[in-house]
Amino acid sequence: MRDFPAHPFDDDKLKEECGVFGVIGVADAASFLALGLHALQHRGQEAAGMVTHDAEAGFCSARRMGYVRDNFTSREVLDTLPGTLGIGHVRYSTSGHKGQTAIRDVQPFFGEFSMGGAAVAHNGNLTNAATLRRELIERGSIFQSSSDTECIIHLMARSMGRSIPDRMEEALRKCEGAFSIVAMTRTKLIGCRDALGVRPLVLGRLGDGWVLSSETCALDIVGAEFVREIEPGEMVVITSKGVESNFPFKNRASRFCLFEHVYFSRPDSILGGRSVYETRRQIGVELAREAPVEADLVCPVPDSGTPAAIGYSHESGIPYGMGIIRNQYMGRTFIEPSEQIRNMGVRLKLNVNRALIRGKRVILVDDSVVRGTTSRKIKEMILDAGAAEVHFRIASPPTAWPCFYGVDTPEREKLLASHMSEEEMRRHLDVDSLKFITLDGLYRAVGVAEGRDPQKPRYCDACFSGDYPVVPADMIEKGFQLKTAAE
């Protein structure tokens, strides 16, 4: 039976990608990995893995299904992972067998090369993975997993580079798509981002040691000092002598994932020098300016809608209230999922604050609408509690296109916005009003005062615009059609 992901609406949200974390130069690296991965748990809840290196024991690894807290908190497990150097990964499957993770798919992946072993963990998605896998298999490679990350190991094995960082550079030059990587050898911790910098990766200082992490919130939990973000297209190699940096990929204008600001990253993280919480609050401010409505109460859909709801309330002057309460202790399903129980699913995770809602005109602020199924259920709950009106305000533009860069999105035809206008979606959800923040408004909220430049967008916003910065070659081969001029 599968655990529920962190968000209460796991069946109707874009799923987080993965989280990566690495440390070097600290005693008991595994304990730091466990803490860091726990802080990144929101990025993937299916499985977690660690690899460490110790001078006497060599490379040691552990991979487990489920949460970090359930698998990597006992001294018994951590003692099997000795060393002062290690990397870890939390997984939500965005390639391979989605939702059916096998232990062989759990990262980090390890390879033994002529100059020694290396482990690799990857956040993102390779858009040419199927092509690479086919070519590698034809040349004799034997794959053990369904993950696109394993392609990197096989490409490294075939490289003639004289060092593991050299081999990694050569391998990654053949990869298309999005990748933020932490890797390790016996003596080195390596971090790398693709040329567009789609996925995040940051560098921190921990005493005499160093930390690489998907987000700054994981630096905080281990007491590391944030140093800087790894730049798009940059590779850092960290040893006892310090940090070496180079840029092995062709220079391109960065296109960081805009949805990291909206939903994926934790609100206490810093992205691009900006507080994620403050950006989400500002999204609410922009929404209130773009889509005002007369109402009595602004309520967040917990938890990701909360900062935007606070911003909307502050800008509009309409009182803020916790009209929906989340059950913080929702864990594994504890009742056999019959049809009747499935229909109660949202109510198991959320409850309406009836005393607050009754008789009110309510603005519900949520981060996105994907299929729309959950939005309808929430609306029904609010009306059942006696609300006079229900108005949805959405803290992202309509999600009309799938992501191929490390986010598990439904097929395009299952995305409500792919075939409905805003008014058609309002009628489908049967609410009094529905408004999404505009793409220009979202850009303003993340600090681009002039809004989105359609000729040179500063972010990857393909899920909203259909403008893919890297051609999804594998998906086109399967029949996916890119945006036409008419769209």
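The protein chain contains 18 helices and 23 strands in this predicted model. Of its 487 residues, 59% are buried. The accessible surface of the protein chain amounts to about 19900 Å², and 49% of that area is supplied by carbon and sulfur atoms. When contacts between residues at least 6 apart in sequence are considered, 69% of them join residues at least 24 apart.

Helix H4 spans residues 129-138 and helix H5 spans residues 150-158. The axes of H4 and H5 lie 10 Å apart and form an angle of about 45°. Angles of 65 to 115 degrees count as roughly perpendicular and those under 35 degrees as roughly parallel; H4 and H5 are therefore oblique to each other. The crossing of these two helices, H4 and H5, is left-handed. On the H4 side, the contact is made by Ala129, Leu132, Arg133 and Leu136; on the H5 side, Cys151, His154, Leu155 and Arg158 take part. By residue class, the contact of H4 with H5 comprises 5 nonpolar, 1 polar and 2 charged residues. In general, residues three or four places apart in an α-helix point the same way, because there are 3.6 residues a turn.

Helix H6, which covers residues 164-173, is mostly covered. Of the 10 residues in H6, 7 are buried. The buried positions of H6 are Ile164, Pro165, Arg167, Met168, Glu169, Ala171 and Leu172.

How values were computed. Residues are numbered from 1 along each chain as its sequence is written. This is a predicted model: local features need pLDDT of at least 70, side-chain atom pairs count only at pLDDT 80 or more; totals for chains, interfaces and linings use all residues. Side-chain values use heavy atoms; hydrogens and water are left out. Axes are lines fitted to C-alpha atoms, for helices over the stretch in contact, and angles run from 0 to 180 degrees between N-to-C directions. Helices (H or I, at least four residues) and strands (E, at least two) are DSSP runs, numbered from the N terminus. Angles under 35 degrees count as roughly parallel, over 145 as roughly antiparallel, 65 to 115 as roughly perpendicular and the rest as oblique. A crossing is left-handed if the near helix is turned anticlockwise from the far one by less than a right angle, and right-handed if clockwise. Contact means heavy atoms within 4.5 Å. Ala, Val, Leu, Ile, Met, Phe, Trp, Tyr, Cys and Pro count as nonpolar, Asp, Glu, Lys and Arg as charged, and the others, Gly among them, as polar. Buried means under 20% relative accessible area, exposed over 50%, partly exposed in between (1.4 Å probe, protein chains only). Accessible areas come from the Shrake-Rupley method with a 1.4 Å probe; for residues, only the protein chains shown count as cover.
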